[in-house]
Amino acid sequence: MLSSCALLVPTKIRPLICSSSRSFMDLKALLTSLNDFASLSFAESWDNVGLLVEPSPPHTVNTLFLTNDLTEEVMEEALQKKADLILSYHPPIFRPMKRITWQTWKERLVIRALENRVGIYSPHTAYDAAPQGVNSWLAKGLGVCTSRPIHPSKALNCPTEGTHRVEFSVSHSQDLDKVMATVRGIANVSVTSLSARTDEEETRVSLNCNQQALMQVVDFLSQNRQLYQKTEILSLEKPPLLRTGMGRLCTLDESVSLATMIERIKQHLKLPHVRLALGAGKTLDSQVKVVALCAGSGSSVLQGTKADLYLTGEMSHHDVLDAVSQGINVILCEHSNTERGFLSDLQDMLGAHLENKINIILSERDRDPLHVI
């Protein structure tokens, strides 16, 4: 869709005039909006996500630069295009740095970013898990299907306190006040309900607590045989988010041959070649109905999932052997080839989410380091 300014001016001066109509965003406000788009709390615990390099405040952003991998070549491109913030899907800083010198390429990235007042932000596995994220984009290439996360994320804001629920009964012959005073005196214990059972002449007590408090509660209850015999302990978990999580298990509306699925994947990822391992007893004519996929390196996510096909960027040799021994076909496309195409969708989605307040551009130099020759 053409903007109003694009309709009023000649093509050769359009970018200059249109870009001037865009407003700047304060970095902090932009980060809040990015987190609203896909919460960083969705990211895996081992990951390093969020703002990785921050210029001294205040810092405003007019141009957001999107890349899958931030290499030195891509950094040069970002600087040439006057980027104020680089969104690098893969975090260029993952392991701790002990020094920032000119010696290694990742250290040089940090130096150049700070010298040129460019921030670096990485969402990585937060975008993998998001409902509108990388894995959902990858599933679009399969054909019409229904999908769900293989490993659902847990609800972010669950009112439940503690990790365990303890329920026990206090008979009316016992001193309920003393029992409750002792229980409430234990740190990290929250009594959730007291319900009298007149027909059984007892009161049922329900409380929540963490692991450390649980041992103290059990120790107290075990001192009274009647309390201990009527005790139940439940392990609490936050409810899963149905559309959010790692990987996707996709069920096609209509099954297709493996050969057809390969062509769909190649077309979606714009790849001339993929790597294929046929499952035991399978051929290119074998039907595919269920696909388990994971962008990037999918071994740990896909392992143990029942499907006709595993689709990912890379897997170890032995994980491939395990899959094919179970009759599961495996398609490998190289790590970043299963991710990079998402950035075009991301550009559009962020543009709408940020109300086109800033300029969002894609790297033209970002590419997978591996080539078939």
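Predicted model: local features only at pLDDT ≥ 70, side-chain atom pairs only at ≥ 80, totals over all residues.
Two strands are said to pair if DSSP finds at least two bridges between them.

## Strand β9 and its partners

In strand β12, Leu-234 is the bridge partner of Arg-165. The strands concerned are β9 and β12 (residues 232-235), which run antiparallel and are joined by 4 bridges. Strand β9 also pairs with strand β11 (residues 202-209), again in the antiparallel sense, over 8 bridges. Within that pairing, Glu-167 has Ser-206 of β11 as its bridge partner.

How many of the 8 residues of strand β9 are buried? Of the residues in β9 (residues 164-171), 6 of the 8 are buried, so the strand is largely enclosed by the rest of the structure.

Strand β11 also contains Cys-209. This cysteine has a relative accessibility of 1%, and it counts as buried because the cut-off for that class is under 20%. The C-alpha atom of Cys-209 is separated by 6.1 Å from that of Thr-163, although the two residues are 46 residues apart along the chain.

## The sheet of 5 strands

An open sheet is built from 5 strands in the order β2-β6-β5-β4-β19, and its pairing is mixed. The edge strands are β2 (50-53) and β19 (359-362), each of which pairs on one side only. From one strand to the next, the twist averages 25 degrees.

Val-53 stands opposite Ile-120 of β6. A helix, α14 (residues 342-353), lies across β4 (63-67), β5 (85-88) and β19. The direction of α14 is at about 180 degrees to that of β19.

The loop between β2 and β3 (60-61) holds Pro-58. The peptide bond from Pro-57 to Pro-58 is cis, with omega near 0 degrees. The other loop, between α4 (72-80) and β5, is the place of Lys-82. The backbone of Lys-82 has a positive phi, and this residue is not a glycine.

## The sheet of 6 strands

A further open sheet consists of 6 strands, arranged in the order β7-β14-β16-β17-β18-β15 with mixed pairing. Strands β7 (145-148) and β15 (275-277) stand at the edges, and each has a single partner strand, so one side of each is left without a neighbour in the sheet. On average, and with direction ignored, neighbouring strands of this sheet are turned by 25 degrees against each other.

Which strand is joined to β7 by 4 bridges? The partner is strand β14 (residues 248-257), and the two run antiparallel. Ser-147 stands opposite Cys-250 in β14.

Two helices lie across strands of this sheet. Helix α11 (residues 258-269) lies across β14, β15, β16 (287-297), β17 (309-314) and β18 (329-332). Its direction makes an angle of about 120 degrees with β14. Helix α13 (residues 317-325) lies across β15, β17 and β18, and runs at about 145 degrees to β18.

## A loop residue and a pocket

The loop between α11 and β15 is the place of Lys-270. Like Lys-82, treated above, Lys-270 has a positive phi although it is not a glycine. The table sets out the values for both lysines.

| Residue | Phi | Relative accessible area |
|---|---|---|
| Lys-82 | about 60 degrees | 64% |
| Lys-270 | about 55 degrees | 72% |

Are these lysines buried or exposed? Lys-82 is exposed, because its relative accessible area of 64% is over the cut-off of 50%. Lys-270 counts as exposed as well, because its value of 72% is over 50%.

Lys-270 also takes part in the lining of a pocket. Rolling a probe the size of a water molecule over the atoms shows where empty space is left. The second largest pocket holds about 600 Å³ of space. It is lined by 22 residues, and the closest to its centre are Leu-269, Lys-270, Leu-271, Pro-272 and Asn-337. By class, this lining has 9 nonpolar, 6 polar and 7 charged residues.

Key
Residues numbered from 1 in each chain as written. Heavy atoms only, no water. Axes fitted to C-alpha atoms, helices over the stretch in contact; angles between N-to-C directions. Contact = heavy atoms within 4.5 Å. 1 Å grid on protein atoms, 1.4 Å probe; cavity = no way out; pocket = protein on both sides within 12 Å on 5 of 7 lines; lining within 4 Å. Points joined across faces, edges and corners; volume = space filled by probe spheres on them. Nonpolar A, V, L, I, M, F, W, Y, C, P; charged D, E, K, R; others polar. Buried < 20%, exposed > 50% of the residue type's maximum accessible area, 1.4 Å probe, protein only.
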